[in-house]
Amino acid sequence: MSPEMIGILGIILLIVLFLLKIPVGISLLLVGMVGTGLIRGWDIAILQSGRTPFDTASSYTLSVIPLFILMGMFLSYSGIGSNLYKAVDSWMGHLRGGLAMATIGTAAIFSSISGSLNATTVTVSKIALPEMDKYKYKPQLSTACVAAGGTLGALIPPSVILVLYGIMTREPIGQLLIAGIFPGIVQIILFLITILLIIKGNPTLAPQKFEKASLREKLVTLKNIWPFLVVFLTSIGGIYLGVFTPTEAAGVGAFIALVVTLLTRTIDLKRLKQSFHESVRLTAYLFIIIIGATIFSQFLTVSRIPVKITSFVGNLDLNEYVILTLILLALFILGCFVEGLSILVLTLPIIYPIVTELGFNGVWFGVIMVMIINIGSLTPPLGISVYDVKGVAKDVPIQIIFRGITPFVIAMIACVAVLVIFPQIVTFLPDLMKK
């Protein structure tokens, strides 16, 4: 059997394992090791399976992941998120649909320290859904806003999935993190416009909240936002200004987050232990995926599939934007059935060489790919963000949430189209970092 055929069978087997809910890291390790053994021999496969985990896990570059996770966990377990929601609510909540818009704003700010789609979605769900229920918001709108807002956690820095993209492609992690800022702002604006259009079409979805905070009350609530601003401006601002490397910024951010939660007395010993425990658990999960992705990528390399596909696509008489559209469409369809991290590690070794060969910027494509994966987290039948919300809003039928999320999916597709037409929105800040 040819290496190419073994590679194709390996990809099919990996997709089957994903659909069977076998852990992503284990699936990648299994397929990568068996595939390498069939092509290069079992001695090499066993040697590689022993050496690669150590070489990967001991990489200095990877230390950015547990530190950013720890930074987010300190603030997540501190309970500051509820204060953040109250602050945003005081400025926007009195408007028709204001609580829905405040939910998007809270998710955006919380994303700036979380870096995780799931963490943002679950945290904001627990805070925002009871408040919107209190003011008789229809579940179709309230749950959709939370699910859509949660996707900002994978785009606004520090994004764990963008860090993983950088590790797998060797694109500069600092530039990738900074590149997500303007696209995140564009997506927030489109979400707010979507909420206004939804409510204009059906005002009963969002009854108006008549209590309006005074200017003094609004200014007082801003004190609830300063921990997020301090952590974000110090860590991400330090990367942009070249003061810190991404790893140093993550370490500084984690330390400042710990100091802030201790000074504000918003975290106790029990929650501190929980934040460490959750950080270790999530880091171990991601490291197994990264190790598995490395072994699987090595298997694909010896199968020569990426080279063959890149050569085939390069010989096609098609416009590069047509090819890009086909790639994004394939990612979108795959996202309906496979979880985002699985899509990243499965497809990146194949499509990244194609995209760069076509002349597209690797940092720009990283942001585009994350946005497409985000869309997949909202679409049936998988819709992992929707199920995160369902876990909190247990009494809301899943079809109601999926129905409500449709306008936000359209807004995200529009955002991707804007970034493809105007790539400078993504590359402007990273280009300034190069100078």
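With which residues is Thr247 in contact, leaving aside its neighbours within four places in sequence? The residues concerned are Tyr60, Thr61, Ser63, Val64 and Leu67, where contact means heavy atoms within 4.5 Å. Thr247 is located in helix 14 (residues 246-263); helices (H or I, at least four residues) are DSSP runs, numbered from the N terminus. Thr247 counts as buried because its relative accessibility is 10%; buried stands for under 20% relative accessible area, exposed for over 50%, and partly exposed for the range in between (1.4 Å probe, protein chains only).

The structure is a predicted model, in which local features need pLDDT of at least 70 and side-chain atom pairs count only at pLDDT 80 or more, while totals for chains, interfaces and linings use all residues. Residues are numbered from 1 along each chain as its sequence is written, and side-chain values use heavy atoms, with hydrogens and water left out.

Two packed helices are described by the angle between their axes and the distance between the axes. For helix 7 (residues 117-134) and helix 20 (residues 384-392), the axes come within 9 Å and cross at roughly 35°. The axes are lines fitted to C-alpha atoms, for helices over the stretch in contact, and the angles run from 0 to 180 degrees between N-to-C directions. The crossing of helix 7 with helix 20 is right-handed, a term that applies if the near helix is turned clockwise from the far one by less than a right angle, with anticlockwise giving a left-handed crossing. On the side of helix 7, the contact is made by Leu117, Asn118, Thr121, Val122, Ser125, Lys126 and Leu129. Helix 20 contributes Ile384, Ser385, Asp388, Val389 and Val392. By class, the residues of this contact divide into six nonpolar, four polar and two charged; Ala, Val, Leu, Ile, Met, Phe, Trp, Tyr, Cys and Pro count as nonpolar, Asp, Glu, Lys and Arg as charged, and the others, Gly among them, as polar.

Thr143 belongs to helix 8 (residues 139-150). With a relative accessibility of 1%, Thr143 counts as buried. Not counting residues up to four places away in sequence, Thr143 touches Leu129, Val389, Ala393, Val396 and Ile401. Leu129 and Val389 also take part in the contact between helix 7 and helix 20.

Helix 19 (residues 362-376) has 15 residues and reaches 21 Å from its first C-alpha to its last, close to the 21 Å expected at 1.5 Å a residue; the expected span is 1.5 Å times one less than the number of residues. Helix 19 is mostly covered, with 15 of its 15 residues buried. The N-terminal end of helix 19 is capped by Asn361, of which a side-chain oxygen lies 2.8 Å from the backbone nitrogen of Val363. Gly362 is placed in helix 19 and counts as buried at 8% relative accessibility. Leaving aside neighbours within four places in sequence, Gly362 is in contact with Tyr165, Glu171 and Tyr352. Gly362 and Leu176 are 186 residues apart in sequence and, C-alpha to C-alpha, 9.2 Å apart in space.

Ile267 occupies the loop between helix 14 and helix 15. The relative accessible area of Ile267 is 11%, so this residue is buried. Ile267 touches Phe74, Ser78, Thr261, Leu262 and Leu272, not counting residues up to four places away in sequence. A separation of 7.0 Å is found between the C-alpha atoms of Ile267 and Tyr77, which are 190 residues apart along the chain. Phe228, in helix 13 (residues 226-241), is likewise buried, at 1% relative accessibility. Phe228 and Leu344 are 116 residues apart in sequence and 29 Å apart in space, C-alpha to C-alpha.

Some backbone features lie in loops. Pro157 and Pro158 are joined by a cis peptide bond with omega of about 5°, and Pro158 lies in the loop between helix 8 and helix 9 (160-169). Arg170, although not a glycine, has a positive phi of about 65°. Arg170 is in the loop between helix 9 and helix 10 (173-179) and is exposed, with a relative accessible area of 78%. Arg304, a residue other than glycine, has a positive phi near 70°. The position of Arg304 is in the loop between helix 15 (269-303) and helix 16 (305-314), and a relative accessible area of 40% makes Arg304 partly exposed.

Terms used. Helices (H or I, at least four residues) and strands (E, at least two) are DSSP runs, numbered from the N terminus. A polar contact is a pair of N or O atoms within 3.5 Å; within protein, one must be able to donate a hydrogen and the other to accept it, and residues adjacent in sequence count only if both atoms are side-chain atoms.
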